[in-house]
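Please work through the following exercises with the sequence and the structure at hand. Each task is followed by a solution in steps.

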Amino acid sequence: MDYALCEAAQHNMEGITRAVTFYDINCQYNKHLRVRVDRSRFLEMVPELTIIPGIGLWHVHGHQDSCYVRYASNFIEGIGRIDGEIMETLWARLNLISPAARGMSSPHRKECLDYQMNDSNFCKMIRMKRTLCRKFKQAKNGIAESEKAFQRLDEAAPADSKTEWLASERIAQSSRINNPAAMDVYEINIKKAPSKKEIELRLLEEGNAQNAAPARRSVATWISMGLAIEEAQIALLIEVRRIGRRSTETQRLDIARQRDRLQGQIDGFTQSALTHLGEGFDADDDPDDLTLDILDDLDDDPADFSETSDTWTNSPELTVIPLPSNLGVDRCRRCMAEDLIPLEMSLREGQANDALHNLRIHLCNKAILFRTTVRQAKSQALKTRAWSQVTSVQQAVSLHASIYTKTRKQMMQLEPGQDQLQKYKPLLREQLKISTAVGDPNARGQRNESLAWFWSVEVDLGGSDHSWNEEFYRVHWLRAKSLRDRWKEELLVVESEMDWTCNFFLRKAAQWIERMGESSANRLRGHACYSGRQSRMYLLLAQDAQAAFQDLKRIQIDDSDE
């Protein structure tokens, strides 16, 4: 990989001092690239060449969350709107011949792939006019829409805040080569309470340091798996309730698959319980059915849930799993598993912190949507689209509120201390409503509004003058500006590609005319005829592309004048 990149960086690169590379694991590969090149006798790269690493959009979402703003093409200046994927886009073409290529010999398969790719490249060339016209229209529409979205945010932002945000953006873009973490200005700057993963890691490290018994060494991971199963049960229960009994066949099939997968996880977890809970635990015990407090904006009576949805008493989403909080403190003591209680309590605190953190994020997103999208929608189509976004966010709010309610209920079964009771309070339905304290902190009558208790649970925004709303507004403003800038760059790139395409066709036409002259001089009539036909083809492609591009630009100018 290093050799290929170094060779490509030396080919036809005169006058180019900046290059963007896309690689699936560029977040790791690019860290010590210069060091590897300097140490090798066979690698050489121009010192003046600045390489900006990027990760394709198809792969970056499988990385850590921090990789998105650091390596996604949405935040790289000067590259327009590209996805950064190259080989993956050719799979659809190769799928056409894959059934026939399976039974071929190796040489035959290589020839078949070469023919398929050559045909694909030729089709791209002759359809380049149509592709660029489509991309030109998309860029124009993207600029118009992103400009409107950015203006709505820009008009409401304070002037001093915008100056500060612009300065932070310039610093981040100039520092991204040596310090990719500088791009984190596009993320929410929140130091949240310890998450469930962090607590699990700490418990595992403490267990290994204390040389715990084999039955107790992985107990933190086992309890964490149980908490994840409970979250999956809540999500499935909400989904079953949402679709009700009047569901389609596809929906019922999806629910059945989720139940089957969830039941397998429950069976495996229950079998593992015999190892961690000791001989006093019986896997065949039948504890009480699980009850959930589902919080949402619906007025349905929870008691009517089983009557209005396709569920039953022994459904996987209603199965009680053998966690210490479900067994009770007394039974854990009888099973000689009393040491599991503080472990689950610690993990429950992390689960509650995660649920409250996600709850705050989605409530702020909901507030921003109301402020910038719903209230600004002037047509029925825009209102429908805006409310669909609000509904999607509200479903996430309901999910995390239900997870927190279930988590706190289980914590009460573990005899929590007074500090934990004060920290993790009951979550009420009215606290999930978006008030002016979140959506518009400077609105009239704000002194009579106050945020709910969970907005201040171990949260540090980097200073006393910051608020959740301001922090989210800053991120929305920066990302809206980045989107607008990328669309403007895309238009410039497409216009340049139009000129390059026409020049390429004209150059190929001139080359084939020269070859026709050489063939005629050597009395190679067949070669001369073929060269003449190729020259005519490229000339017609150039004329057709020039006419289409000029007409498209003229239409766009006329529309802008009107």
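**Exercise 1.** Determine whether D485 and R484 are buried or exposed, and state how their side chains interact.

*Solution.* This is a predicted model, and each value below is computed from it.
Step 1. Residues under 20% relative accessible area are classed as buried. D485 falls in this class, and R484 does as well.
Step 2. A salt bridge links D485 with R484; their closest N and O atoms lie 3.2 Å apart.

**Exercise 2.** Describe the salt bridge between K481 and D485, and explain how the two residues are placed along their helix.

*Solution.* Step 1. The side chains of these residues, K481 and D485, form a salt bridge with an N to O distance of 3.0 Å.
Step 1. Helix α22 spans residues 468–521, and K481 and D485 are four residues apart in it, so about one helical turn separates them.
Step 2. K481 and D485 are both buried.

**Exercise 3.** How are the helices α13 and α14 oriented relative to each other, and which residues meet where they pack?

*Solution.* Step 1. Helix α13 covers residues 219–243 and helix α14 covers residues 249–277. The two pack at an angle of about 155 degrees, and their axes are 10 Å apart.
Step 1. Angles over 145 degrees count as roughly antiparallel. The helices α13 and α14 are therefore roughly antiparallel to each other.
Step 2. The crossing of α13 and α14 is left-handed.
Step 3. On the side of α13, the residues in contact include W222, M225, I229 and L236. On the side of α14, they include I255, L262, I266 and F269.

**Exercise 4.** Locate N12 and E415, give the phi value of each, and decide whether each residue is buried or exposed.

*Solution.* Step 1. N12 lies in the loop between α1 (2–8) and β1 (18–22). Its phi is near 55 degrees, which is a positive value in a residue other than glycine.
Step 1. Relative accessibility over 50% counts as exposed. N12 has 66% and is therefore exposed.
Step 2. E415 lies in the loop between α19 (380–412) and α20 (418–423). For E415, a residue other than glycine, phi is likewise positive, near 55 degrees.
Step 3. E415 has a relative accessibility of 55% and so counts as exposed.

**Exercise 5.** How many helices and strands does the chain have, what share of its residues is buried, and what share of its contacts joins residues at least 24 apart?

*Solution.* Step 1. The chain has 23 helices and two strands.
Step 1. It consists of 562 residues, of which 42% count as buried.
Step 2. Consider the contacts between residues at least 6 apart in sequence: 78% of these join residues at least 24 apart.

Methods
Residues are numbered from 1 along each chain as its sequence is written. This is a predicted model: local features need pLDDT of at least 70, side-chain atom pairs count only at pLDDT 80 or more; totals for chains, interfaces and linings use all residues. Side-chain values use heavy atoms; hydrogens and water are left out. Axes are lines fitted to C-alpha atoms, for helices over the stretch in contact, and angles run from 0 to 180 degrees between N-to-C directions. Angles under 35 degrees count as roughly parallel, over 145 as roughly antiparallel, 65 to 115 as roughly perpendicular and the rest as oblique. A crossing is left-handed if the near helix is turned anticlockwise from the far one by less than a right angle, and right-handed if clockwise. Contact means heavy atoms within 4.5 Å. Buried means under 20% relative accessible area, exposed over 50%, partly exposed in between (1.4 Å probe, protein chains only). A salt bridge is a side-chain nitrogen of Lys or Arg within 4 Å of a carboxyl oxygen of Asp or Glu.
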